[in-house]
Amino acid sequence: MPWKEMIIFALSVACFPLYPVHAQTQKEVQYIKGYLSGNEFQVTYREGGPLYGTFFFLDVHFCSSGRYLLHGQSRKQTVLGNEQLNNWNDSGNWDVVPFQGHGSLQYVAASGARDIVPMEILPDGAIRPLTGAFMQRQGKAQCR
């Protein structure tokens, strides 16, 4: 085999795994679904600029039935140095599906709003959104 063909072969073996990517994604989907199901999580993240960004604090209960219950709060510093505080509740259905090569949290709120959030599995086995939000398990979900 000429050296150019050997290099192309070596690169193709290194870049394309011998197992199907779909199978790996399905493993992630099952792991993430099991990690979330029946548990409560606190999710925190920030949106906006460095001076007047908004902080979000979510308490999410992922029921094993596929429903979720959420209590959210946002905090934002205003121009005059005051703090704007908003609270809300939400509920809907959740699932974990393969999306763009990742196990992803998909949810549909009771209001009809939909989103899909690609997740990553951390080395310690915890998970978090690829957006970089912080997610911490709080205990068992309180589902009605």
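1. Isoleucine 121 has isoleucine 127 in β7 as its bridge partner. Strand β6 (residues 114-121) and β7 are antiparallel and are joined by 3 bridges. Strands are DSSP runs (E, at least two residues), helices are runs of H or I of at least four residues, and both are numbered from the N terminus. Two strands count as paired if DSSP finds at least two bridges between them.

2. On the basis of the note: this is a predicted model, in which local features need pLDDT of at least 70 and side-chain atom pairs count only at pLDDT 80 or more, while totals for chains, interfaces and linings use all residues. Residues are numbered from 1 along each chain as its sequence is written, and side-chain values use heavy atoms, with hydrogens and water left out.

3. The protein chain has 2 helices and 8 strands. Read from the N terminus, the order of elements is α-α-β-β-β-β-β-β-β-β. Buried residues account for 31% of the 144 residues; buried means under 20% relative accessible area, exposed over 50%, and partly exposed in between, with a 1.4 Å probe and protein chains only. Of the contacts between residues at least 6 apart in sequence, 40% join residues at least 24 apart, a contact being heavy atoms within 4.5 Å.

4. The open sheet has 8 strands in the order β7-β6-β5-β4-β3-β2-β1-β8, with antiparallel pairing. β7 (127-129) and β8 (134-140) are the edge strands; each has a single partner strand, so one side of each is left without a neighbour in the sheet. From one strand to the next the twist averages 30°, where axes are lines fitted to C-alpha atoms (for helices over the stretch in contact) and angles run from 0 to 180 degrees between N-to-C directions.

5. Two hairpins involve β4. β3 and β4 run antiparallel and are joined by 11 bridges; in β4, leucine 85 is the bridge partner of arginine 75. This hairpin has 5 residues between its strands, and glycine 81 in the turn has a positive phi of about 85°. β4 and β5 also pair in the antiparallel sense, over 8 bridges, and valine 108 in β5 is the bridge partner of asparagine 93. Here 2 residues lie between the strands, and glutamine 100 in the turn has a positive phi of about 50°.

6. The largest nonpolar core has 21 residues, among which Leu36, Phe62 and Met135 touch the most other members. Such a core is a set of buried Ala, Val, Leu, Ile, Met, Phe, Trp, Tyr and Cys residues joined through side-chain atoms within 4.5 Å. At least two residues of this core come from each of α2 (21-36), β1 (39-47), β2 (54-62), β3 (67-77), β4 (83-99), β5 (102-109) and β6. The element that gives the most is α2, with 4 residues. In soluble globular proteins, nonpolar side chains tend to be buried together.

7. Methionine 135 deserves a separate entry. Neighbours within four places in sequence aside, methionine 135 is in contact with Leu36, Phe41, Gln42, Val43, Phe62, Met119, Ile127, Arg128 and Pro129.

8. There are 7 aromatic pairs, counted when ring centres of Phe, Tyr and Trp (its six-membered ring) lie within 6.5 Å; planes under 30 degrees apart are stacked, over 60 edge-to-face, and the rest tilted. Tyrosine 35 and phenylalanine 41 make a tilted pair, at 5.7 Å centre to centre and 35° between the planes. Both tyrosine 35 and phenylalanine 41 are buried. Phenylalanine 62 and tryptophan 94 have ring centres 5.2 Å apart and planes at 75°, so this pair is edge-to-face. That pair links distant parts of the chain, with phenylalanine 62 in strand β2 and tryptophan 94 in strand β4, 32 residues apart.

9. Phenylalanine 62 is buried at a relative accessible area of 5%, and tryptophan 94 is buried at 8%. Tyr31, Tyr35, Phe41, Phe62 and Trp94 form one aromatic cluster. Arginine 137 lies over the face of tyrosine 35, at 4.0 Å from the ring centre; the criterion is NZ of Lys or CZ of Arg within 6 Å of the ring centre and within 35 degrees of the ring normal.

10. Phenylalanine 55 lies in strand β2 and counts as partly exposed, at 40% relative accessibility. Leaving aside neighbours within four places in sequence, phenylalanine 55 is in contact with Tyr45, Arg46, Gln73, Ser74 and Arg75. From phenylalanine 55 to glutamine 77 the C-alpha to C-alpha distance is 9.3 Å, across 22 residues of sequence.
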